[in-house]
Each structure stands twice: as structure tokens, then as C-alpha cells.
Amino acid sequence: VTGPDLAGRHVVISAGGTREPLDPVRFLGNRSSGKQGYALARTAVARGARVTLIEANTGLPDPAGADVLRVGTAVQLREAVIEAAADADVVVMAAAVADFRPSDYAPGKIKKKDGQDAPVVSLVRNPDILAEVAAERSRPGQIVVGFAAETDDVLVNGREKLRRKGCDLLVVNEVGERKTFGSEENEAVVLAADGQETPVPYGPKEALADTVWDLVSGRFQPNSSS
Ligand code: C5P
């Protein structure tokens, strides 16, 4: 699409959705397909970046030219992202991270027994990886990008979330059972901490990815890194 404007840059992208196990056969999960994160990885490779893709439960084939790490849970994703971010010019959190995980893991399959009440699942908070990476900025000039799927008041909630998470760019889109998840297309607004708002019309996930990279490369400091 564009020139190799990401050459010499290391970008770390998370994709997919975490799964939080209840027992050896069950988990709490979400509908994220990972396709937007993979589109970001493919387009970043095409624009010359060194790409570390950290994927959770997508089942998608590795994009050519990217280093791929596989994780399952939010805690594993956090560990992989924090480690990779130490050396990253850009971190993009496209993964759908479970906000909560079951507080207990049953080492054997949970059974139903006649006459017994249904089990109660209690949850604990997962770490907010995006907020942590944005607060840390392990490399000077590092650019941190988040995604926010909202079902209503998309822009109002998005602006608030951008501030709360402390990231540079937040890609907000409207989701529902029939929208975005698993699809090849997306429609979004990219909100920037400096107030710029870039609408991206309905189209291929690659087009949204390229808009994100345009906005990222326009924000690089002249001599940050390699
Ligand atoms: O708060 P919410 O889940 O809507 O925020 C979405 C953004 O935050 C995404 O970029 C997602 O990858 C990131 N996130 C995270 N850690 C969490 C929850 C969300 O990094 N525990």
C-alpha cells in the first residue's frame, strides 16, 4: 500500500481472544476472531516493520514474515506483551482480553450431581494490559494503540476510554452479535490523544490497519530508535 515507513521499527501486536479456564475442559471466552490483529500484522510486515504477533486462540495460520507467540489466558498474554514491549516502538492491543477470570480452577472436570445446586462461578479481575503498557512506556517515544468494541455511545465511551487507558490511539467500533466479529470488514473511528478523530468507512480490515499505521508513523519522533 504505502512505502516502507515502518522499516527499522519493531511493532508488537496482540490478536484474538483470551480464554479463562474453569476446569480442564471449560473456559470463559469471547467472540474475537483475531482477523483485525492479523490484518495489522500483515500490513505492518508489508510496510517494513519487524512484527511480533502475540495471538490468543485464533486458529489462524501464521502471517508470513511475523514472529508469532501463542498464549491462552489474559495472564499469559500480559507476560508475553510486557516482555515484547520492552523492545517495541509500537504496541497495538487488538486482542479481546477477558476482564475477569474464574477465581478458582477445578483440576478435574466439574460434575453435575442430582439434588445439588448449580455451581456458582466467582470471578476476579484480570490485569489491564493496555493501561499497564501505556503507563510504563518501556521505550522513549513508544506509541501505544488500543481497540475498544462498544455496543452503544461509541464515541462518548471511546473518548473516555482513551483517557482512562492512557494510550496514544484508540480504535473504536460498534459491535453486536452480527457486527464485526469474524467478519472480513470493519468500520471504526480512530481517536487520538491529541484530539484528532479519523473515521474509517466500512471496508476490509486491511484498510483500517493501514489507517492505523498511517497515524502511527505520523507520530514517530524523528530519531526514536533504530
Ligand atoms: O476496557 P476494554 O476491554 O473495553 O478495553 C479494550 C482495550 O483494552 C483493548 O485494546 C484490549 O486489548 C485492552 N485490554 C487489555 N487488558 C484487559 C482488558 C482490555 O489490555 N484486561
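The residues of the shell around the ligand divide into seven nonpolar, one polar and four charged. The model is predicted. In this model, the ligand takes up the space of the largest pocket. This briefing covers the ligand and its shell, then a few residues in helices and loops.

**The shell around the ligand**

- The residues that surround the ligand are M93, A95, V97, D99, P127, D128, I129, L130, G146, F147, K161 and K165.
- By residue class, seven members of the shell are nonpolar, four are charged and one is polar.

**Contacts and cover of the ligand**

- A polar backbone atom of P127 is 2.8 Å from a nitrogen atom of the ligand.
- A polar backbone atom of L130 is 2.7 Å from an oxygen atom of the ligand.
- With K161 the side chain is involved: one of its polar atoms lies 2.3 Å from an oxygen atom of the ligand.
- The ligand taken alone exposes 450 Å², and the protein buries 88% of that area.

**K165, a charged residue of the shell**

- K165 is one of the residues around the ligand, and its place in the chain is in helix 4.
- Is K165 buried or exposed? K165 counts as buried because its relative accessibility is 16%, and the cut-off for buried is under 20%.
- The side chain of K165 is joined to the side chain of D128 by a polar contact of 2.6 Å.
- D128 is also among the residues that surround the ligand.

- T58 has a relative accessibility of 13%, so T58 counts as buried.
- N57 has a relative accessibility of 27%, so N57 counts as partly exposed.
- T58 and P119 are 61 residues apart along the chain, and their C-alpha atoms are separated by 29 Å.

**The loop between strand 9 and helix 4**

- D153 is placed in the loop between strand 9 and helix 4.
- D153 is not a glycine, yet its phi is positive, at about 45°.
- D153 counts as exposed because its relative accessibility is 55%, and the cut-off for exposed is over 50%.

- T43 is part of helix 1 (residues 35-46).
- The relative accessibility of T43 is 7%, so T43 counts as buried.
- The side chain of T43 reaches the backbone oxygen of L40 at 3.1 Å.
- L215 is found in helix 5 (residues 205-217).
- At a relative accessibility of 10%, L215 counts as buried.
- How far apart are the C-alpha atoms of L215 and A192? They are separated by 8.8 Å, while L215 and A192 are 23 residues apart along the chain.

Note on methods:
Residues are numbered from 1 along each chain as its sequence is written. This is a predicted model: local features need pLDDT of at least 70, side-chain atom pairs count only at pLDDT 80 or more; totals for chains, interfaces and linings use all residues. Side-chain values use heavy atoms; hydrogens and water are left out. A residue is near a molecule or strand if one of its heavy atoms lies within 4 Å of it. A polar contact is a pair of N or O atoms within 3.5 Å; within protein, one must be able to donate a hydrogen and the other to accept it, and residues adjacent in sequence count only if both atoms are side-chain atoms. Accessible areas come from the Shrake-Rupley method with a 1.4 Å probe; for residues, only the protein chains shown count as cover. On a 1 Å grid over the protein atoms alone, a cavity is a set of points where a 1.4 Å probe fits but cannot get out, and a pocket is an open set with protein on both sides within 12 Å along at least five of seven lines; lining residues have an atom within 4 Å of a point. A molecule sits in a cavity or pocket if more than half of its atoms lie within 2 Å of its grid points. Ala, Val, Leu, Ile, Met, Phe, Trp, Tyr, Cys and Pro count as nonpolar, Asp, Glu, Lys and Arg as charged, and the others, Gly among them, as polar. Helices (H or I, at least four residues) and strands (E, at least two) are DSSP runs, numbered from the N terminus. Buried means under 20% relative accessible area, exposed over 50%, partly exposed in between (1.4 Å probe, protein chains only).
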